[in-house]
Amino acid sequence: MTGFIVRRLLWGVLLLILVIAVTFLIFYLLPSVDPAILRAGRNGSPKVIAEIRRNLGLNHSIIVQFWNYTKEIVLHGNFGYSYYYNDPVGGLISDRLPATVSLTVGAAVLWVVVGVPVGIISAIKRRTFIDRVSMGTALVFVSAPVFWLGLIVLYLFASDIGRFPFFPGSGSYVGLTVNPVKWFESLILPWMVLSATSTAIYARLVRGSLLQVMGEDYIRTARAKGLPERTVILKHGMRSAITPLVTVLGLDIASLLGGAILTEGVFDIPGIGRLNIDAIGHGDVTIVQGTVLVASIFIIVANIIVDIAYAFLDPRVRYE
Amino acid sequence: MTTPIRRRAIVALAALFAAAAALFAFASSQSTTPANGAGLKPALTGAGQNLTNGKRGGVLTAYDSEDFEHLDPGEAYFSLDYEIMYATQMPLFEYLPNNTTVATPMLASGQPVVTDGGKTVTVHIKPNVHFSPPVNRAVTSADVAYAIERCANPNVANAYFQPYFGNIVGAAKATGGPIAGITTPNSTTIVFKLISPSADLLIGALSLPISMPVPKEYAAPLDAKKPTQYGTSSEVFTGPYMLKSDATGKFLGLGYQPGKSATLVRNPNWNPKTDPQPAYLNQININIGGASQVIGLQVLKGSDALQNDTPTNANVQLAYQKYYNQLTAVPGAGDHYVSLNNHQGPFANVNIRRAAYAALDRAALVKIAGGSIVGTVGTHFITPGSAGYTQAGGDAGPKYPWNEYPNGNLAVAQKYMKAAGYPSGKYTGNAVVKIVEANNGNSPEEGAVVKNAFASIGLNAKLILVDQSVLYAKYCGVPAAEVDACPSVGWIRDFADPQTILQVPFWGKAITPTNNSNWGQVNDPQINAAIVKATNVVGASARAAAWAKIDDMLVQKAVAIPWIFDKQPNIESANVRGISDLWDVGEWDYAYTSLKNP
Amino acid sequence: MSAAEPPMSAGGPTGDGAEAARHGDAGQAFGAETPASAGGPPPAAASSDRLLSVEDLIVGFPTPDGLVHAVDGISYNVERAGSVGIVGESGSGKTVSALTLIGLTQTQGAKVSGRIMFDGRDLLKVSKDELRHIRGNEIAMIFQDPLSSLHPQFRVGAQIVEAMRIHRSITRSAAHTRATELLELVGIPDPRRRVDQYPHEFSGGMRQRAMIAMALANEPKLLIADEPTTALDVTVQAQILALLERLRRELGMATIMITHDLGVVAQIADRINVMYAGRIVETADARPLFATPQHPYTWGLLRSIPTLDGPRGIELVPIPGRPPSLIRRPSGCHFHPRCAYALPDHATIDPELVDVGPDGHRAACLLDAAQRAAAWAALSGGGTPEQAREAAGIAEVAVPVAETEIVG
């Protein structure tokens with residue numbers, strides 16, 4: 001198992017380098033604002049632009065730029081400077097990360113805590129009214145665009161603009177260390193919105209997985225042993241049904257850690273997603289490279305963790 | 001067992017439709033567009049702002065969904081940046097919020113003195129304006145000199161330096177060090193020596209943030225960094241407010257958190273006796289980010305807030321219906337026009353251009369953009385509130401047949417097609433006319449109107465929709481892309497002098513292979529000569545007349561089709577008495593804004 | 001008789017009966033057809049020896065296509081420490097009847113009627129909780145595929161421990177020790193290591209042994225084995241059967257062996273019930289069944305398996321056709337469409353299960369004893385069904401025999 005982990009980590013590093021290279025290439029090849037022009041502002045004279053290019057190292061070949069960039073990260077942990085903000089990228093990202101983590105982790109807890117039981121109940125009571133209603137509702141939430149849902153939730157429940165002002169609205173986010181109570185309150189609506197789609201997906205996933213497992217022979221054996229039905233479902237059934245869920249959960253969380261762009265936008269939460277989208281709009285390559293890198297790290301790590309977890313959950317799976 | 005699945009899907013779809021219908025009904029209960037111009041009450045026009053009877057105190061909240069670009073006076077040019085710059089620094093001159101033509105002395109102690117046939121400009125400054133901590137000392141003329149000189153430093157790289165200050169003796173070769181043509185005989189006097197008599201242009205430029213003083217001993221080490229850290233992490237201030245900073249003057253992380261917030265607090269060293277600005281508010285909290293629709297509602301329903309972005313059309317309509325006193329539409333926010341390729345293709349022929357001009361339904365474009373609240377039909381290129389507007393024909397514009405019909409007139413158009421050599425009144429050539437527009441917002445609809453106009457005179461027009469980010473970078477700003485028309489190019493003036501509106505978009509010498517702002521590649525010898533001559537005219541009214549003549553020429557030759565004089569709609573909360581700067585596309589002015597009940 | 005290759009078998013152990021649709025109440029009789037096998041339980045030894053007595057058990061599943069008559073009124077007994085075999089093809093109702101004994105068909109929405117007297121109690125009338133306490137405790141069941149029947153993610157020992165701790169209070173460590181002992185009892189080598197392994201680490205035969213160990217954990221009075229050797233290869237099959245026999249004798253435990261393979265049943269059953277289309281068509285002690293079978297279906301089963309001690313060179317004669325739909329069963333004798341000896345009458349008369357020999361040998365067939373004896377004599381000598389027909393004096397087959405197919 002250790003050998004497996006080490007090898008996966010090495011592949012992960014290789015993959016990261018590949019990801020950085022591709023991001024570099026994308027911004028180099030596709031038309032976007034030349035960073036030097038961005039810095040020079042309107043009517044930049046050619047002389048000024050050339051000088052800026054030299055300052056920013058843009059006159060080197062793409063390979064040299066890539067090499068310098070990678071070297072800076074690996075040796076100094078320096079992610080470069082944002083062209084637009086003039087701030088160190090590493091600082092910008094680490095500044096935004098807590099908000100995204102708060103949003104993601106809270107939403108994940110919510111969708112697991114709500115989605116799994118709903119899925120179990122739907123599976124047990126399949127084809128009854130409860131099942132139809134919950135799966136129908138799930139279908140609605142799966143189809144609802146996040147941005148639309150966010151606006152609806154704000155128009156209904158935001159304390160400043162909503163019809164039923166219960167919860168703090170857009171822009172009320174404060175850090176956990178600043179004021180834990182306000183931090184929690186400000187995240188209630190965003191958590192609901194961000195987890196809505198996933199709750200629905202996980203409920204359907206659990207329902208399907210559990211239904212499939214409940215038809216397995218070992219469930220019949222469990223009943224034949226005289227186990228109460230509750231134990232059969234929750235211990236024997238869910239133990240098997242949970243495995244695909246873990247795989248999906250790990251990857252979902254990882255991809256959200258790369259930034260829940262739409263939710264952060266509607267609720268004005270200063271997370272990585274917003275940083276990323278603003279940077280793309282400004283053609284701010286270094287920030288985008290930084291966020292892509294960070295997001296990739298999350299996903300690669302999550303993949304490895306999920307694989308390891310899978311091996312623990314299902315003893316039939318073993319890695320050499 | 002397909003029936004249960006299908007039934008479930010239908011139930012879910014029905015639920016979704018019901019929800020959507022409910023939302024639609026809810027949203028459209030804020031209904032229709034207002035009448036076109038008739039019945040607009042005076043409050044909406046933004047005129048007649050009373051600047052001096054506000055109440056002191058209180059904290060204002062401002063919402064920007066976009067972030068600032070530069071907070072260094074030597075680099076700022078974005079109108080949002082100006083809001084901060086003009087509230088926290090003292091330029092030599094500045095326009096009052098309700099004046100767009102005459103600049104008031106701010107740091108300067110009086111009007112500039114022009115001598116030597118317009119080649120020397122002398123400015124005196126007030127002696128008791130101080131920098132904020134940690135510099136603290138009084139501002140001297142050397143600080144103004146350094147502020148201008150550092151703009152030539154590549155680490156600062158100010159875009160205005162070349163066009164407006166390039167004519168100072170020794171400026172062409174400057175790289176950040178002292179400039180021969182800028183001298184400071186004493187601590188309150190600064191003298192500019194010009195190569196040719198462009199004094200009026202220079203004086204106009206002295207109202208830009210470039211003239212805001214910068215202390216060399218504090219800023220030079222920061223300016224040595226690539227890029228400069230002055231205005232990025234640290235800065236000192238001379239205005240009534242400052243970005244909240246620590247003891248060393250560092251505001252990054254305190255008064256400015258990129259992408260998140262900015263905080264303006266009172267400048268302890270500000271001397272109100274030196275400044276006509278009342279500075280009523282105690283603090284301004286600026287929130288960066290969020291969705292514009294939501295912000296608009298928060299502002300309209302809230303109490304102490306204002307929105308810095310252009311509100312969404314839906315919120316403008318909502319404000320017009322329900323929060324009338326919280327809505328202003330400020331004229332003079334710039335103009336938009338359809339650029340036509342003067343260099344090649346069918347539009348190289350002046351009569352075809354005139355025909356297209358006559359055929360276009362400009363009023364329809366204004367309606368698509370949001371109606372009379374957001375602007376009036378464009379009839380020439382100098383914008384309302386700038387010098388030369390009235391001389392160039394005012395609202396109706398120069399009297400030429402193709403300019404007489406805001407809704408378009410096919411008969412007139414056909415007349416000019418015939419003059420172009422097409423007896424049928426329709427184009428019969430083979431060329432394909434490429435129209436390039438952005439693919440978001442109102443742009444595709446606007447593009448379609450333009451395409452129809454071209455088609456009505458027989459042109460084989462193709463409308464290409466592209467992402468906003470590449471519209472200029474790859475198409476309209478690149479001559480080699482051979483684009484025939486860009487329907488939504490526009491310009492905002494830098495200051496009241498009409499040269500800042502007309503020179504770059506219409507001068508042959510301003511054409512560049514990339515990042516080109518002379519989108520139509522206008523290179524007419526007559527116009528070029530007139531422009532060169534007008535840059536050297538001295539005296540405000542003479543300049544206004546000279547540039548108005550050029551404006552007339554532009555319309556006469558139909559180099560482009562102006563279609564809107566923009567108005568900037570602004571919304572504020574009920575308790576806010578917002579004052580906006582007419583000279584800065586209607587941006588809010590923090591130094592004059594107050595709360596009704598602080 | 002030696003172990004035989006099972007005929008080609010499609011479908012798994014739960015092929016009996018259709019997938020049920022709705023939840024139903026257990027124990028409600030549903031209106032209907034009078035079961036064909038009239039008569040009460042077969043006369044037998046004194047009741048104190050009788051552990052299990054199934055009386056007129058009927059199990060039906062309502063489906064959108066109609067009522068599935070999975071079990072159509074069967075009756076049989078199992079003595080204490082006795083061994084009964086239930087033989088039939090897939091779809092004969094054998095598994096459903098077994099599952100119904102321990103109340104596991106209720107989850108499929110079955111409608112059940114009849115009596116199941118187990119050790120003095122009617123299992124169809126006891127409460128759900130009581131039934132659950134009997135299940136896995138006094139009556140244990142093992143299934144066909146031991147790999148899929150053991151939970152892949154729990155250790156084998158843990159699963160055995162769980163079976164124990166549900167029904168009695170015993171500490172975990174004591175249960176663990178007992179689990180190890182059980183594994184040893186069923187002949188698994190190195191049990192102390194094996195007890196903490198996962199099912200996929202066991203071989204097929206060992207897994208089935210482990211399932212048996214789990215079934216034995218609470219010293220049940222009755223063990224139901226549903227096709228326990230079908231998924232195993234021949235040599236292992238023999239070992240498992242020998243094990244079951246040994247356990248039955250050592251522990252005094254009754255067994256019901258459900259299989260489609262007469263060869264399996266031949267080795268260990270004292271009494272054999274042959275089921276077809278939800279009914280018992282022939283029931284007898286093992287020796288008389290093999291010596292003088294009295295039902296054409298049984299003949300077909302016997303002649304479709306190769307035997308080492310039969311005449312050489314005889315052809316295998318598979319039973320033509322396929323098991324009938326349990327929703328719309330054939331009229332008259334349910335077997336007649338596939339019977340080589342059917343007379344025109346047999347399409348209208350439904351035979352009853354009647355005595356055809358000593359010791360409670362009964363069969364449900366409309367032919368008379370002489371015809372049957374003659375036919376079987378011909379078949380057992382190696383003759384074809386045509387020859388047997390002639391020997392029995394049945395001139396022509398009134399109903400054409402269904403096309404020969406590989407019987408599933």
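The structure described here is a predicted model, in which local features need pLDDT of at least 70 and side-chain atom pairs count only at pLDDT 80 or more, while totals for chains, interfaces and linings use all residues. Residues are numbered from 1 along each chain as its sequence is written, and chains are lettered from A and ligands numbered from 1 in the order in which they are written.

In chain C, helix H4 (residues 156–167) packs with helix H7 (residues 204–216) at an angle of about 25°, and their axes are 8 Å apart. Axes are lines fitted to C-alpha atoms, for helices over the stretch in contact, and angles run from 0 to 180 degrees between N-to-C directions. H4(C) and H7(C) are therefore roughly parallel to each other. Their crossing is right-handed, the term for a near helix turned clockwise from the far one by less than a right angle (left-handed if anticlockwise). H4(C) contributes Val156(C), Gln159(C), Ile160(C) and Ala163(C), which meet Ala210(C), Ala213(C) and Met214(C) of H7(C). Two residues are in contact if their C-beta atoms, placed from the backbone, lie within 7 Å. By class, this contact has six nonpolar residues, one polar residue and no charged ones. Ala, Val, Leu, Ile, Met, Phe, Trp, Tyr, Cys and Pro count as nonpolar, Asp, Glu, Lys and Arg as charged, and the others, Gly among them, as polar.

Chain C as a whole has 13 helices and 12 strands, where helices (H or I, at least four residues) and strands (E, at least two) are DSSP runs numbered from the N terminus. Of its 408 residues, 50% count as buried. A residue is buried if 20 or more other C-beta atoms lie within 10 Å of its own, exposed if 12 or fewer do, and partly exposed in between, with C-beta atoms placed from the backbone. The chain is divided into domain 1 (1–138 + 220–324) and domain 2 (155–216), with bounds from an automatic or database domain assignment. Their contact takes 13 residues from domain 1 and 12 residues from domain 2. On the domain 1 side, helix H8 (residues 234–251) of chain C supplies the largest share, five residues. That side divides into nine nonpolar, four polar and no charged residues.

Chain C also touches chain A, in a contact that takes 21 residues from chain C and 18 residues from chain A. On the chain C side, the elements giving two or more residues are helix H2 (128–134), helix H3 (146–149) and H4. H4(C) gives the most, with three residues. The chain C side has nine nonpolar, nine polar and three charged residues.

Chain A has 13 helices and zero strands. Its C-alpha trace spans about 85 × 60 × 35 Å along the principal axes. Of the 320 residues of chain A, 42% count as buried. One residue of this chain, Ile299(A), is found in helix H13 (residues 285–313). Ile299(A) counts as buried because it has 20 C-beta neighbours inside 10 Å. Leaving aside neighbours within four places in sequence, Ile299(A) is in contact with Ala254(A) and Ser255(A).

Key
Parallel < 35°, antiparallel > 145°, perpendicular 65-115°, else oblique.
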